[in-house]
Amino acid sequence: MIKTEHKYIEILRILKDHQEPMGAKRLSELLAERGYVMTDRAVQYYLRYLDTRGFTEKVGNQGRILTSTGIAETDRALVEDRIGFVISKLERLAFRSTFNPDTSTGDVAYNLTIVPNEKLDAVTSVFDRVRDAGCSFFHSYALLDRDTRVPADHTGILTVCSITMDGVFQHNGIPVKMAYGGTIRIENNKPIEFVDLIGYQGSTVDPLQLFINSGLTSIGPFISDGSGVLLANIRQIPGSSWDRASDLITRMQGCGFRFPLMMGRGQIFNLVTDPGRISLVSYSGMNSIGYAAEEGLKLSTEIGAGTISFSRIENKN
């Protein structure tokens with residue numbers, strides 16, 4: 001039986017993931033997708049309880065949103081309950097990504113960075129340098145200033161999340177395993193070795209955000225002279241899918257995607273992997289955020305914030 005506190009936590013997580021006010025009916029549908037089957041009436045009961053705890057508040061007839069206390073409570077959720085939460089969120093996002101590289105249409109997954117307007121010029125300069133150095137996952141980014149998640153006097157920056165690749169592969173019959181988030185050492189523009197790796201399956205936090213917050217990147221030196229430590233992801237696909245995957249990669253590259261950094265079986269640099277699977281190493285869409293942190297620009301970023309039409313982000317900058 002699913003513990004009651006897990007249901008409360010899952011409701012809080014859904015509200016945090018979606019940002020906008022949400023009613024009991026929609027919450028019931030999303031809970032069912034996550035394995036929590038509850039009637040609308042039962043969800044209403046849980047919401048009233050969360051209101052009394054100060055975790056949620058009602059916004060007219062639109063539904064509930066999280067309070068700052070509710071956000072903090074979500075972040076403090078029991079560690080054992082949070083194991084695997086990061087990877088499950090990314091897997092759901094991959095399923096919602098519908099990008100078609102043949103028509104350059106559909107939705108891509110994105111990261112959302114909130115920037116105070118007085119820092120916008122400095123931040124976009126950083127993003128431009130990462131883009132021009134070729135160490136971003138996609139060749140452009142977009143600005144967002146009209147969204148309930150973007151406070152007054154702030155601008156949102158959308159960067160394409162690499163989970164978009166997972167969606168494309170899965171919708172074309174290639175199962176993808178998000179294996180590791182890590183940092184990779186580059187010398188004279190050539191990848192040499194992985195420096196740090198964290199597996200997604202057992203992580204309670206996003207590995208890339210952890211590396212950024214810990215100051216474990218040196219993206220600026222790479223941009224300046226071609227040597228540094230950058231953020232990367234490692235995915236694995238079935239060994240029999242090489243030809244099909246290569247074709248999809250070529251088609252996505254034609255749409256502005258920049259991957260893989262490396263593709264192979266068995267040992268990849270200093271990482272020994274399953275020889276029966278193909279490993280794909282790609283630069284992370286978070287390298288822009290990592291470089292901004294190196295430059296002293298502390299930004300709020302949500303990794304895998306949602307999906308958006310490809311036309312909204314292509315060739316905007």
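Predicted model: local features only at pLDDT ≥ 70, side-chain atom pairs only at ≥ 80, totals over all residues.

My notes follow, entry by entry.

**Entry 1: what I am looking at.**

**Entry 2: the largest pocket.** I started with the open space. The largest pocket comes out at about 1100 Å³. I counted 31 residues in its lining, and K16, D75, K89, T301 and E302 are the ones nearest its centre. Which elements give two or more residues to that lining? I found helix 1 (4-18), helix 4 (68-75), helix 6 (85-96) and helix 9 (207-213), along with strand 2 (63-66), strand 3 (107-116) and strand 13 (300-309). Sorted by class, the lining of the largest pocket has 13 nonpolar, eight polar and ten charged residues.

**Entry 3: the second largest pocket.** This pocket holds about 400 Å³ of space. Its lining is made of 22 residues, with D17, H18, L93, R96 and G306 nearest the centre. At least two lining residues each come from helix 1, helix 2 (24-33), helix 6 and strand 13. I jotted down the classes here too: eleven charged, six polar and five nonpolar.

**Entry 4: helix 3.** I moved on to helix 3, which runs over residues 40-52 and so has 13 residues. From first C-alpha to last it reaches 19 Å, close to the 18 Å expected at 1.5 Å a residue. Which of its residues are buried? I got V43, Y46, L47 and L50. Why do these four sit on the same side of helix 3? They cover an arc of only 100 degrees around the axis, and that puts them there. After the helix comes G54, with a positive phi near 80 degrees.

**Entry 5: helix 12.** Helix 12 covers residues 287-294 and is mostly covered, with seven of its eight residues buried. I listed the buried ones: N287, S288, I289, G290, Y291, A292 and A293. A glycine with positive phi follows here as well: G296 comes after helix 12, and its phi is near 85 degrees.

**Entry 6: A122.** I found A122 in helix 7 (residues 120-133).

**Entry 7: cysteines.** How many disulfides are there? My count is zero. For C135, the nearest cysteine sulfur is that of C161, 16 Å away, and C135 is in no disulfide. The cut-off I went by is sulfur atoms within 2.5 Å. C135 counts as buried because its relative accessibility is 0%. C161 is buried too, with a relative accessible area of 6%.

Definitions and conventions
Residues numbered from 1 in each chain as written. Heavy atoms only, no water. Expected span 1.5 Å × (residues − 1). Buried < 20%, exposed > 50% of the residue type's maximum accessible area, 1.4 Å probe, protein only. Arc of directions from axis to C-beta. 1 Å grid on protein atoms, 1.4 Å probe; cavity = no way out; pocket = protein on both sides within 12 Å on 5 of 7 lines; lining within 4 Å. Points joined across faces, edges and corners; volume = space filled by probe spheres on them. Nonpolar A, V, L, I, M, F, W, Y, C, P; charged D, E, K, R; others polar.
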